[in-house]
Amino acid sequence: MLNERMAEALNTQLNKEIYSAYLYLSMSACSSFIGMKGFANWFMVQYQEEMVHAIKIYNYVDSQGGQVKLMAVEQPPTEFESALEMFEKTLEHEKFITKSINDLVNLAIEEKDHATNIFLQWFVTEQIEEEGNDNDIISKLKLVGDKGNGLFMIDRELASRVFTPPAQPEEGQG
Ligand SMILES: [Fe+2]
Ligand SMILES: [Fe+2]
């Protein structure tokens with residue numbers, strides 16, 4: 001059973017994950033508009049992942065007897081200077097999310113809410129992957145600079161990313 005403070009904090013995190021989805025969907029649209037279809041694909045997959053994060057929290061709050069409360073989603077930026085800027089913004093945002101997850105873990109410990117603490121461990125691990133991916137792509141983008149050839153190759157590589165839906169059944173079963 002979730003206490004009110006924990007439920008509220010999780011609802012706030014749910015909103016942050018939906019904003020993340022919205023931000024990457026905006027980056028996908030921007031990439032597609034300028035013809036970088038591989039980048040557009042990468043961000044579209046990231047959008048889908050973020051929706052999975054959001055629904056994971058939704059299902060958890062709901063299954064633990066908490067009330068899911070949706071909030072307004074902030075408008076994401078719609079203009080980006082370059083692919084590098086998009087990934088730098090992505091990394092910066094994911095660092096903010098990592099801090100937010102860590103704060104939630106601290107709250108769960110403070111509230112002696114072991115179930116939520118365990119639930120959040122998945123997100124702690126996921127954040128390591130997220131920041132790692134972003135760092136990798138940023139290094140590559142810095143390596144090629146504004147050379148069209150290099151960008152074209154990275155675009156082609158990012159075109160191969162595929163969304164893997166979470167294994168069923170999800171949290172909240174039984
Ligand atoms: Fe996320
Ligand atoms: Fe991920």
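The legends below describe one overall view and several close-up views of a predicted model.

Local features need pLDDT of at least 70, side-chain atom pairs count only at pLDDT 80 or more, and totals for chains, interfaces and linings use all residues. Residues are numbered from 1 along each chain as its sequence is written, chains are lettered from A and ligands numbered from 1 in the order in which they are written, and side-chain values use heavy atoms, with hydrogens and water left out.

Figure 1. From the N terminus on, the elements run α-α-α-α-α. Helices (H or I, at least four residues) and strands (E, at least two) are DSSP runs, numbered from the N terminus. The C-alpha atoms fill a box of roughly 55 × 30 × 25 Å along the principal axes. Of the 174 residues, 44% count as buried. Buried means under 20% relative accessible area, exposed over 50%, and partly exposed in between (1.4 Å probe, protein chains only). Among contacts with a separation of 6 or more, 81% come from residues 24 or more positions apart. Contact means heavy atoms within 4.5 Å.

**Figure 2. Surface and charges of the chain.** The chain exposes about 9,800 Å², and carbon and sulfur atoms supply 56% of that area. Accessible areas come from the Shrake-Rupley method with a 1.4 Å probe; for residues, only the protein chains shown count as cover. The chain carries 14 positive and 28 negative charges, and their mean positions are 3 Å apart. Lys and Arg count as positive and Asp and Glu as negative, while His and the chain ends are not counted. Each charge is placed at NZ of Lys, CZ of Arg, CG of Asp or CD of Glu.

**Figure 3. The iron ion (ligand 1) and its protein donors.** Glu17 (OE), Glu50 (OE) and His53 (ND1) lie 2.1 Å from the ion. Donors are N, O and S atoms within 2.8 Å of the metal (3.2 Å for Na, K and Ca); water is not among the atoms, so sites may look incomplete. In sequence the donor residues are spaced E-x32-E-x2-H. Glu17 in helix α1 (residues 4-33) and His53 in helix α2 (residues 37-63) link distant parts of the chain, 36 residues apart. Glu17 counts as buried because its relative accessibility is 1%. His53 is also buried, at 2%.

**Figure 4. Trp42 in helix α2.** Trp42 has 5% relative accessibility, so this residue counts as buried. Beyond four places in sequence, Trp42 touches Phe87, Asn133, Asp134, Ile137, Leu158 and Arg161. Arg156 is 114 residues away along the chain, yet its C-alpha atom is 10 Å from that of Trp42.

**Figure 5. Gln127 in helix α4.** Gln127 is buried, with a relative accessible area of 3%. Leaving aside neighbours within four places in sequence, Gln127 is in contact with Glu94, Ile97, Thr98 and Ile101. The C-alpha atoms of Gln127 and Glu94 are separated by 7.3 Å, and the two residues are 33 apart along the chain.

**Figure 6. Gly132, also in helix α4 (residues 114-144).** At 29% relative accessibility, Gly132 counts as partly exposed. Met86 is 46 residues from Gly132 in sequence and 15 Å away in space, C-alpha to C-alpha.

**Figure 7. Arg5 in helix α1.** Arg5 counts as partly exposed, at 46% relative accessibility. Residues up to four places away aside, Arg5 touches Leu107, Glu110 and Glu111. Met36 is 31 residues from Arg5 along the chain, and their C-alpha atoms are separated by 43 Å.

**Figure 8. Lys112 in the loop between α3 (83-110) and α4.** Lys112 has a positive phi of about 55° although it is not a glycine. Most residues other than glycine have a negative phi. Lys112 is exposed, with a relative accessible area of 67%.
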